[in-house]
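Please take a moment with the sequence and the model shown here before reading on. The paragraphs below are meant to be read with both in view.

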Amino acid sequence: MDEKTLLDKVPDGLYIGGEWVPGRSGTLNVTDPATGAVIKTIADASADDGMAALDAAVAAADAWAATAPRVRGEILRRAFDLLQERRAEFALLMTLEMGKPLAEADGEVTYGGEFLRWFSEEAVRITGRYGINPEGTGRMIVSQHPVGPCFLITPWNFPLAMATRKIAPALAAGCTVVVKPASLTPLTTLYFAKLLEDAGLPAGVVNVVTTSTSSAVSNPIIADPRLRKLSFTGSTEVGRSLLEKSAGNVLRTSMELGGNAPFVVFDDADLDRAVDGAMLAKFRNIGEACTAANRFIVHESVADEFAARVTERVTAMRVGRGTEEGVTIGPLIDANAVQKAASLLQDAVSRGAKVLVGGNAVDGVGTFFEPTVVTDVAFGSDILREEIFGPVLSIVRFADEDEAVRIANDTEFGLVGYVFTRDLARGQRMIERLQTGMMGLNVGVVSNAAAPFGGVKQSGLGREGGFEGIHEYLSTKYTLTPDPFGV
C-alpha cells in the first residue's frame with residue numbers, strides 16, 4: 001500500500017463513545033521527522049472533549065465490567081488477528097510518523113500484538129480465593145473487580161506497543177479507558193481504535209483524544225472523581241507531576257518512567273554475544289527507548305577490543321528515512337532530540353572522552369544524528385547521568401565487580417540493566433546487586449508480553465505485562481461470611 005492511501009484510511013477525528021468527532025480546539029498537524037513534511041492533519045481536542053471522552057468511558061463502565069470474561073477475551077483475540085492481517089499498514093504508519101526503520105516497525109507490530117494475545121488469555125484467568133478464617137468462625141472470600149474508568153497516557157517512541165500494553169490489560173480486566181497518545185505520533189493509536197471497532201468492541205469502552213495541549217486536556221480528567229486509574233509512560237519529570245495531581249483523588253497509578261540502563265561487560269564475557277547484545281540494547285528504535293543501554297561499563301582488560309568491535313559495526317550502519325531499503329538508523333523524533341544528543345556528547349568530549357565514530361547531526365532535511373561511539377567517558381559527565389534517547393554508545397571502564405556495581409547503581413533510575421559474563425555465580429550476584437526492575441543476563445533485549453515490565457527508584461511504579469499486568473487494573477475485595485456449619 002502506498003503512503004497516501006494508508007494515510008487516507010487513518011481517521012482524523014477524536015474517538016468518543018464509538019463516534020469519530022471533530023476537536024473543539026481545531027486541528028493539529030502530524031509530521032514525518034525524516035522530511036519535516038506534514039503527513040496528516042487531525043482533530044485537536046479541548047478540555048471539554050476530554051471530559052466528553054471520560055463521560056463515555058463512565059457510561060460504558062458497568063456494562064463492560066459485567067461482560068463475560070470470555071467475551072472480553074475473544075474481542076482482544078479478534079483484535080490480535082486483525083492486527084496480523086494489517087501488520088504492513090501499521091508498520092508503515094509507525095515509520096511515517098515516528099521514523100524508525102520499517103523492519104523495526106514490523107517488529108513492533110509483533111511485540112504490540114502479543115499484549116493483545118496474552119491478555120485475551122488472561123481475561124478468563126482472573127481468580128480469587130476462598131477459605132476458612134483462622135478462628136474457624138467464618139469463611140473468607142477474596143475477589144477481584146475492575147478498578148473502574150482509566151486514563152492512559154502513551155509516549156511517542158513505541159506508538160503501537162505502548163497503547164496495546166495499557167489497553168489490553170485494562171479491557172481484559174473489565175475497565176473502560178480514555179487514551180491520550182503523544183501529539184507527535186497519534187496516528188497509530190487512531191488507526192488502532194478503528195481496528196478495535198472492527199473487532200467488535202462496544203462503544204465507549206475505548207475513547208481516544210488527540211491534543212496539542214496535553215495538560216489542559218489531562219488535568220480535568222485526572223481531577224474528576226469518577227476516574228479511578230491513571231497509567232503513564234514518559235519522563236520521570238512529568239511522572240512526578242502526574243503523581244502529585246493524582247494524590248487529590250488517591251488514584252491508582254502505574255508509572256513507567258525514565259531509565260539510565262547500565263550495560264556491564266565483564267572480562268570473561270563472550271564478546272561476540274556482548275557486541276550483538278550492545279547493538280540491540282543501544283541502537284534498537286534509534287536509541288529512543290527507556291530500555292536502551294545508556295552506560296556501557298566495560299572491564300578494562302576488554303574495553304579496547306569491545307570498543308573496536310562496536311565501532312566497526314556502527315560504521316557500517318546506514319542512516320536515512322525508515323522506508324528506504326537497508327536503513328538501520330532513522331531520524332530522531334524532533335530537533336530538540338538532536339540538540340540533546342549533541343549537547344550530551346559535547347559535554348563528554350570537553351571532559352576528555354574520545355569519539356570513535358559519528359558524533360554529529362546530519363545536515364539537510366529531517367532530524368538525523370549519526371550513530372556514535374564514544375569512549376573514555378569521565379565520571380561526572382552528563383551523558384552518564386541523563387537519558388541520551390539517541391544513537392550514542394558511551395563507554396566507561398571498571399577494574400573489579402564491586403566497582404562495576406557501584407557505577408551501575410550510581411543513578412536515580414532503576415529500570416533495566418544488562419550483564420554479560422560466563423560466570424554463573426557472578427550472574428546470580430548481579431541479579432541480587434543491581435538496583436533495577438529488570439535485567440538481561442547475556443541478552444540485549446528483555447521486553448516480552450508474558451513478563452512484568454517496570455522499574456524501581458525513580459523509574460516508576462507498577463508493572464505492565466505478565467501475570468502482574470492485569471492486576472494493575474483490578475481491585476481486591478475481601479468478604480467475610482458466617483460459618484455455614486455454626487449455630
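Predicted model: local features only at pLDDT ≥ 70, side-chain atom pairs only at ≥ 80, totals over all residues.

Residues are numbered from 1 along each chain as its sequence is written, and side-chain values use heavy atoms, with hydrogens and water left out.

Is Ile297 buried or exposed? Its relative accessibility is 0%, and therefore Ile297 counts as buried, where buried means under 20% relative accessible area, exposed over 50%, and partly exposed in between, using a 1.4 Å probe and protein chains only. Leaving aside residues up to four places away in sequence, Ile297 touches Pro262, Phe263, Val264, Val265, Val396, Phe398, Ala404, Ile407 and Ala408, a contact meaning heavy atoms within 4.5 Å.

Charged side chains come next. A salt bridge is a side-chain nitrogen of Lys or Arg within 4 Å of a carboxyl oxygen of Asp or Glu, and by this rule the count comes to 35 salt bridges. One of them joins Asp304 to Arg397, with the closest N and O atoms 2.6 Å apart. Because Asp304 lies in helix α11 (residues 303-315) and Arg397 in strand β16 (residues 392-398), this pair ties together parts that are 93 residues apart in sequence. Asp304 counts as exposed, at 53% relative accessibility, whereas Arg397, at 28%, counts as partly exposed.

Salt bridges can also be found within a helix. Arg309 forms one with Glu305, the closest N and O atoms being 2.7 Å apart, and both residues lie in α11, four residues apart, about one turn of the helix. In helix α13 (residues 401-409), Arg406 and Glu403 are three residues apart, also about one turn, and their salt bridge has its closest N and O atoms 3.9 Å apart. Both are partly exposed, Arg406 with a relative accessible area of 47% and Glu403 with 22%. Elsewhere, salt bridges that share partners join Asp267, Asp268, Glu401, Asp402, Arg426, Arg429 and Arg433 into one network.

The last topic is empty space. Rolling a probe the size of a water molecule over the atoms shows where empty space is left. On a 1 Å grid over the protein atoms alone, a cavity is a set of points where a 1.4 Å probe fits but cannot get out, a pocket is an open set with protein on both sides within 12 Å along at least five of seven lines, and lining residues have an atom within 4 Å of a point. Grid points are joined across faces, edges and corners, and a volume is the space filled by probe spheres set on the points.

How much space lies in the largest pocket? The largest pocket holds about 1200 Å³ and is lined by 48 residues, with Trp156, Phe232, Gly234, Ser235 and Val238 nearest its centre. Helix α9 gives the most to this lining, with six residues. The second largest pocket holds about 320 Å³, and among the 17 residues that line it, Gly107, Glu108, Thr110, Tyr111 and Arg284 are the closest to its centre. There are four cavities of 30 Å³ or more, and the largest cavity has a volume of about 70 Å³, with a lining that includes Leu280, Arg284, Tyr418 and Ser447.

Definitions and conventions:
Helix = DSSP H or I, 4+ residues; strand = E, 2+ residues; numbered from the N terminus.
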